[in-house]
Amino acid sequence: MENLPNQSHHFDIPEDVIYLNAATMGPLPVIAAKAGEDGLKRKLCPWTITSDDFFADTESIRPKLAKLIEADTDGIALCASASYGLATAAQNVQIPSGSNILILDDQFPSNVYTWQAVADRTGAKVVTVGNSASNASLSDQLIGAIDERTSLVACGQVRWTDGCRIDLEAVGARAREVGAALVVDLSQSCGAMTFDVNTVQPDFVVCVGYKWLLGPYGIGFMYVAPAHRSGVPLEQNWIARRGSQDFTQLTNYQDEYDLGARRFDMGERSNFALLPAFEASVDLLLEWGIDRIEASLARKNRTLCDGLASLGLSTPDELGRGPHYVGATLPQKAPPDLVRKLASRDIYVSQRGRSLRITQHLYNDNDQLERFLSALSEELAPVRA
């Protein structure tokens with residue numbers, strides 16, 4: 001597949017800054033910032049905002065979010081965070097007493113605390129999978145742990161600390177064999193890695209908007225499988241009820257919810273600043289094409305991993321990691337302030353445990369990678385001597 005050209009012209013990143021930290025927070029494209037600014041300015045003249053405006057932005061972005069994961073529009077709900085979506089999932093899946101909830105070792109905290117609370121409430125047990133000493137892949141370990149005692153599997157498409165890839169299609173198939181639910185957090189892959197709900201068949205998907213979707217903080221989405229769309233939402237907000245478009249009839253209280261997963265939308269979903277900014281970012285990603293983004297980042301990261309190997313740093317092999325995600329295992333004696341030292345050089349990465357997390361995007365070029373590798377070599381020189 002053809003490489004996408006460099007897209008730095010869409011971002012306000014100074015030439016001397018090397019930003020390799022999309023996994024922490026993706027930069028907002030300039031067009032998204034402008035859309036958010038224009039949306040916020042609408043509040044200067046609230047008399048110009050009509051009842052239709054409370055629905056227009058949400059219904060405009062919903063099919064575009066669905067396209068990101070090959071879902072149907074009615075399966076998409078808007079939420080503020082991954083934890084909101086996870087809490088919704090936890091409220092709508094069956095977890096019998098004595099059953100096992102499977103999570104990954106070093107899983108993101110929100111996707112751990114949620115299930116610990118469920119286990120405390122139901123009498124289930126949280127089982128952590130993914131021993132780093134094992135020779136088996138993370139996917140194989142997870143699939144091997146799913147059995148008749150498993151009621152739910154919660155994981156991402158990649159592990160957030162090091163980018164290790166999870167074969168969600170195989171995990172989903174095994175979960176269905178034993179009747180277990182599957183809850184997937186795509187916060188570290190959606191927008192940079194293809195995903196199809198029709199092949200994975202998850203019960204719930206959650207995703208934040210501010211990482212690989214390059215959107216603003218405080219907005220994201222969830223996907224709800226058809227079997228759960230008659231479930232119980234976290235909030236009983238007015239806008240999720242049938243007929244709420246007619247403001248003159250709001251006191252004719254309705255028992256029925258709006259169509260599909262809209263009942264699960266967060267309160268005050270009609271955010272006139274965040275939604276336009278989010279939609280502009282999603283539009284840009286869809287214009288590039290998620291498959292083309294994935295292929296382009298995969299090629300860029302092959303070069304990066306070769307450079308890291310020359311410094312003696314190991315990374316998961318190409319088949320074992322997300323194509324957009326590189327986690328390099330640091331030496332035991334690596335400087336504890338390595339990230340800060342690199343930041344002093346205007347190079348921005350992150351560290352999770354012993355993994356140096358290097359997550360570039362289409363705004364990075366080969367010259368920046370060479371400068372990063374040179375700086376990293378200098379900072380690690382005393383350890384490698």
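Student: Helix H3, residues 82–92: is it enclosed or open?
Tutor: Largely enclosed by the rest of the structure, because eight of its 11 residues are buried. Buried means under 20% relative accessible area, exposed means over 50%, and partly exposed is in between, using a 1.4 Å probe and protein chains only. Helices are DSSP runs of H or I with at least four residues, strands are runs of E with at least two, and both are numbered from the N terminus.

Student: Which residues of H3 are buried?
Tutor: Ala82, Tyr84, Gly85, Leu86, Thr88, Ala89, Ala90 and Asn92.

Student: And what covers them?
Tutor: The cover includes strands S2 (76–79), S6, S7 (204–208) and S8 (220–224), plus helix H4 (110–122). Covering goes by contact, which means heavy atoms within 4.5 Å.

Student: Before we go on, what sort of model is this?
Tutor: It's a predicted one: local features need pLDDT of at least 70, side-chain atom pairs count only at pLDDT 80 or more, and totals for chains, interfaces and linings use all residues. Residues are numbered from 1 along each chain as its sequence is written, and side-chain values use heavy atoms, with hydrogens and water left out.

Student: OK, nonpolar core. How many residues are in the largest one?
Tutor: The largest nonpolar core has 90 residues, and Ile69 and Trp115 have the most contacts inside it. A nonpolar core here is a set of buried Ala, Val, Leu, Ile, Met, Phe, Trp, Tyr and Cys residues joined through side-chain atoms within 4.5 Å.

Student: Which helix gives the most to this core?
Tutor: Helix H8, residues 274–288, with six residues.

Student: What does Trp115 touch?
Tutor: Leaving out residues up to four places away in sequence, Trp115 touches Leu86, Ala89, Ala90, Val93, Ile101, Ile103, Val126, Leu152, Ala154 and Val183. Leu86, Ala89 and Ala90 are also among the buried residues of H3.

Student: What about a second core, who's in that?
Tutor: The second core is separate and has 23 residues, including Leu20, Cys305, Ala328 and Leu330.

Student: Zooming out, how many helices and strands are there?
Tutor: The protein has 11 helices and 12 strands.

Student: How does its radius of gyration fit a compact globule?
Tutor: It agrees: with 385 residues, a compact globule would have a radius of gyration near 21 Å, and the protein has 22 Å. That radius is taken over C-alpha atoms, and the globule rule is 2.2 Å times the number of residues to the power 0.38. The C-alpha atoms fill a box of roughly 75 × 55 × 35 Å along the principal axes.

Student: What share of the residues is buried?
Tutor: Buried residues make up 55% of the 385. Also, of the contacts with a separation of 6 or more, 73% are between residues 24 or more positions apart.

Student: Switching to Ser189, where is that?
Tutor: Ser189 is in the loop between strand S6 (181–185) and helix H7 (197–200). Ser189 counts as buried, because its relative accessibility is 1%. Neighbours within four places aside, Ser189 is in contact with Gln157, Trp212 and His324.

Student: Ser244: buried or exposed?
Tutor: Buried, with a relative accessible area of 2%. Ser244 sits in the loop between S8 and H8.

Student: What's the phi of Asp106?
Tutor: Asp106 has a positive phi of about 65°, although it is not a glycine. Most residues other than glycine have a negative phi. Asp106 is in the loop between strand S3 (100–104) and H4, and is partly exposed, with a relative accessible area of 44%.

Student: Then what about Asp346, what phi does that have?
Tutor: Asp346 has a positive phi of about 65° and is not a glycine. Asp346 lies in the loop between helix H10 (338–343) and strand S10 (347–348). With a relative accessible area of 26%, Asp346 is partly exposed.
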